[in-house]
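Subject: Structure handover

Dear colleague,

I am passing on the structure we spoke about, together with an account of what was found in it. Please have it open while you read the notes below.

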Amino acid sequence: MHAEIPYLREILIFLAAAGLIMPLVRKLRISPVLGFLCIGLLIGPYGLGRLTALVPGLELIVITETDGIEAIGELGVVFLLFSIGLEMSFRQIWTMRKDVFGLGSAQILASAAVIGAIAHFLDTGLPAAILLGLCLALSSTAIVMQHLSEQLRLSSSAGRTAFGILLMQDLAVVPILFLVGVFAGQTVTAAGAALMAFAEAAAVILAIFLVGQFLVRPLLRYAGASGSQELFMACVLLLILGTSALTAMTGLSMALGAFLAGLIFSATEYRHQIHNDIEPFKGLLLALFFISVGMRLDIAAVWDGIWLVFLAAGALMALKAAILFLLVRVRGYSTAIAAEVAILLAEGGEFALIAVSAGLMAGVLSYGTAQFVVLVVVVTMFAAPGLAFAGRRIGSRLAARNAGDKLEPDDRAAENRVVIGGFGRVGRMIGKILEDQRISYMAVDCDADLVARERNAGVPIHFGNASNDRLLGQIGVSNAIAFVSTIDQRGDAEAVVKALRKSHPHLPIFARAKDPAHARALLNSGATLAIPETTEASLQLSEALLQAAGLPEEVAGLIIEQERSET
């Protein structure tokens, strides 16, 4: 560890492993999540770390202390939940209330009751059995949501149902952690303390919503108007981490706080720009989180009874899947959706690792029980990518076999519309014409004040740089009827046209040009049509002059049309 930069060596090893091994993982078409879990197992203390005493110099390329890596990796889950919040809205959450509070609560209680009963039968003691039942009832939010996000399945029926259950599982963090304290004898008046904890949590969530409504938009408008990308990013990170810290202070998970922040941001015109800006942070930190999970798998410690670990892992996944399938079917969903959700959420979750550690430190769980449960959970998390794949395949086959039992298609292929890059004078005129003809559109502009004014007037516009192809992908340019660039800066206009043509070869791209030379450059960059504004203005002025000089309107029009075709 460097004297001034904590965990510098570990971070360098992580970056090197990700850079060298992940291309091979992608080439072999292995799930990125599974790839990072395997990297963690390989370079962790229970992988190559066991050979450091035998191989000189090996300690330079392995990680033996995982505390710092795990702490930083937790931020990956925070950014993942924040980006999910950005994709949601309060209206969507309200429409999902039956899945969140009804199905989610039923899943936790039913799974915890069965798993806890089995644990108690195996003579773990009642407090330990209750804690284990609740912990093992939870699934991995990070792995499941990452998979759904990568596969663009968040908007499907199965994706929404799984997310509703996972959201309720995140809310269950408070009572489970509270129970650890109760079982450890740290709480004298359990009922009063429980009420106080829930009241505190509810007050913080309400405060976040109320303050967020008045603070977020003005702060982001100020940062966006400054023109400083660094200031804008700093404000976004401050709001994300500040909200996460507030929820953590009241016993809620940091991830839940980040999700609430994402919900608040989702109602603003900055949501797509923010999503684009945090994507690199989220990807790297999530990779670090999965690597840290892989590092916890110590197979050698239980090698003599390894078959018990795998047997318990298989039984846990089968049991959770069976309970989930029945509950989702009772909720009224089709067999195909129930099967996919049940298999998708069958693994254990990262929170179980935290709660088991807390139970061990509080004396609720013995060391042997805690180590065994951690290994079981990690094994199921290794299986999670395979579960997700199997759930999708089985759900699709059931849907194809049973008429009328189809998986609901994703909502990503939204209504086709025109995307306008730049919403100045020309962009507004194009938007008005499209509106008059009942053609929907979405605009993007990097002027924060302009975006705020137009949003207040009801214009569908988002803050962001239209030359950023990844941002346009967030807005839905892949489903657009056409893209119109009204950007007047030559370099930026050519950059966006070139990037769009490369990523969307069949997308019609219409561009505003400064002059004929600029129009030719845009056409060479891939524009379908480029109109020089100076030339067009001159031609229209000339047509008016010809008519004023006495030429008939038809003759003047033909002359100008001929000139236009030769320009």
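Throughout this email, a residue is called buried when its relative accessible area is under 20%, exposed when that value is over 50%, and partly exposed in between. Please keep in mind that this is a predicted model.

I begin with the salt bridges, of which the count comes to three. In one of them Arg 331 pairs with Asp 99, and the closest N and O atoms are 3.1 Å apart. Because Arg 331 sits in the loop between α14 (306-330) and α15 (335-344) while Asp 99 belongs to helix α5 (residues 97-121), this pair ties together parts that are 232 residues apart in sequence. Arg 331 has a relative accessibility of 32% and so counts as partly exposed, whereas Asp 99, with a relative accessible area of 4%, is buried.

Another salt bridge is formed by the side chains of Arg 392 and Glu 340, with an N to O distance of 4.0 Å. Here too distant parts of the chain are linked, since Arg 392 lies in helix α17 (residues 367-401) and Glu 340 in helix α15, 52 residues apart. Arg 392 is partly exposed, its relative accessible area being 31%, while Glu 340 is buried at 5%.

There is also a salt bridge between Arg 428 and Glu 454, whose closest N and O atoms are 3.8 Å apart. This pair joins helix α18 (residues 425-436), which holds Arg 428, to helix α19 (residues 448-456), which holds Glu 454, and the two residues are 26 apart in the chain. With a relative accessible area of 35%, Arg 428 is partly exposed, but Glu 454 counts as buried at 13% relative accessibility.

Turning to the cysteines, how many disulfides does a search of the whole structure find? The search finds zero.

In soluble globular proteins, nonpolar side chains tend to be buried together. In this model the largest nonpolar core has 94 residues, and the members that touch the most others are Phe 163, Ile 176, Phe 259, Phe 290 and Leu 345. Helix α17 gives the most to this core, with 13 residues. Leaving out residues up to four places away in sequence, Ile 176 touches Leu 131, Leu 134, Cys 135, Leu 138 and Phe 351. A second, separate core consists of 38 residues, among them Val 216, Phe 423, Tyr 441 and Leu 450.

On the surface, by contrast, Val 114, Ile 118, Phe 121 and Leu 122 form a nonpolar patch, and together they have about 430 Å² of accessible area. Val 114 is part of helix α5, and with a relative accessible area of 32% it is partly exposed.

Finally, I would point you to His 518, which is found in helix α22 (residues 516-525). His 518 counts as buried, at 1% relative accessibility. When neighbours within four places in sequence are set aside, His 518 is in contact with Arg 490, Ala 493, Glu 494, Arg 512 and Ala 513.

With best regards

Definitions and conventions
Residues numbered from 1 in each chain as written. Predicted model: local features only at pLDDT ≥ 70, side-chain atom pairs only at ≥ 80, totals over all residues. Heavy atoms only, no water. Helix = DSSP H or I, 4+ residues; strand = E, 2+ residues; numbered from the N terminus. Buried < 20%, exposed > 50% of the residue type's maximum accessible area, 1.4 Å probe, protein only. Disulfide = S-S within 2.5 Å. Contact = heavy atoms within 4.5 Å. Patch = residues over 30% accessible without salt bridge, like charges linked within 9 Å, V, L, I, M, F, W, Y side chains within 5 Å. Areas by Shrake-Rupley, 256 points an atom, 1.4 Å probe, with all protein chains shown as cover. Core = buried A, V, L, I, M, F, W, Y, C linked by side-chain atoms within 4.5 Å.
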